[in-house]
Amino acid sequence: MRFLFVSEYYPPMHMGGAEISLKLLVEGLAELGHDVTVLTPNYSSPSTSVERMEHLRVIRFKSPRRLLFRERARKASSEAYRGNRPLFYLQLGQYIRFSSAELRRRTMELLRREDFDVVHANNLESILAVSQIETSALKVAHLRDFALLCWNRGLNKGGTLCPGCSAEQVRECMGARLTAPLLSYQIHRRRAVLENFDVLIAISEFVKGQFMRRLGMKSSNINVLYNPVGDRVLSNLSKDEARRLLGLPEDGKVVLFAGTLSEMKGAHLVLRLAERLPEYLFVVVGTGPLRSAFESSRLPNLLYVGYKPIETLRHYYRASDVLVVPSLWHEPFGRVVVEGLANGSFVIGSNRGAIPEVIRWAGGGVVVEPEVESIGRAVESYFDSPVSVERARRRVLKYSEEYSLRFTRLMR
């Protein structure tokens, strides 16, 4: 089959797990012998470039988007977000419309020259772009978050599920006044685009359920395909070797937190856990708004190592006994869960979003309320009676190996 993947980002330019999963998918399809093309903006050069590998071509087209990712632009966007959220989201809406129009134009140009069996939209802007294209190819939309339903992409209202961006909810969430009806109208216009796709893929049953509930969609209209892990995230070391490499005590009881240091990720709970459980070593990998609290901590059993690339993070996964995922917001998937399991960490995850679903599917973990007492008891329980995660590790790896094949089976 001939596949065309349209994406606003593609590694090395990426904003999160969506791009990691996409890269694993296209490389897996190419290994299966399919002809795969990725169409994405060029963020590193003012010209179009084409990378060719066996059965895989990556077209990075010339785009003014690259100017928006300079440090000055990032800082300006951050300031606008903090200073006036409604204004930021109105500006963001304009940017999304520009970006999706550019992606649509470039995709149509390519479709006029070449034939494809499948056209795949990876995220919000590409979904908006591909939805308006008429083609004989099968059109596929990947539902990786809630950007079609919600301005903050997470249906997140202080850790609870927001009912949606009505004008009233927009006023409450963003502090918007006169702009609330416009913001609500813009987000509701996005909802109808899924009717223009032949295949819909959600990254979890949780995501599927939210789209069904909010858009009145049938269960049979949405397929579920969990995110995979790749070889790059797998440590090739034993637990003892990983601990020696990282300078961690070989006989210690190591509890890991990896991710954004924010309250919505539950990072603040780790500080309190370390204070409550002095006999365990809490290792924290990541950066974010709460970084200063970890840098200034004097707790002897708290080791903050900052941000680490996946080539190093994988060894922290391997070196840890337990990985805590105490998110307060409703994660659409929770990639850190499968990355930890794939490296042999027992996972203690919150009962939010898709985290319980992924833990129960794979095994090798427990689900708790994201508060200090519940997580603390789960940590103590694990070390009192350690549980093997080997079966869960094999399940995650086997599913990941079959990921591209599972994807092709959904093309109908």
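Predicted model: local features only at pLDDT ≥ 70, side-chain atom pairs only at ≥ 80, totals over all residues.

User: Which residues of S6 are buried on one side and which on the other?

Analyst: Residues are numbered from 1 along each chain as its sequence is written, and side-chain values use heavy atoms, with hydrogens and water left out. Strands (E, at least two residues) and helices (H or I, at least four) are DSSP runs numbered from the N terminus, and buried means under 20% relative accessible area, exposed over 50%, partly exposed in between (1.4 Å probe, protein chains only). Both faces of S6 are covered, with Leu138, Val140 and His142 buried on one side and Lys139, Ala141 and Leu143 on the other.

User: Why is S6 largely enclosed by the rest of the structure?

Analyst: Strand S6 spans residues 138-143. It is largely enclosed because the buried residues number 6 of the 6.

User: Which residue of S9 is the bridge partner of His142?

Analyst: S6 pairs with strand S9 (residues 199-202) in the parallel sense, over 4 bridges; two strands pair if DSSP finds at least two bridges between them. In S9, the bridge partner of His142 is Ile201.

User: How far is the sulfur of Cys150 from the closest cysteine sulfur?

Analyst: A disulfide is a pair of cysteine sulfur atoms within 2.5 Å, and the structure holds 0 of them. For Cys150, the closest cysteine sulfur is in Cys165, too far for a bond at 4.5 Å.
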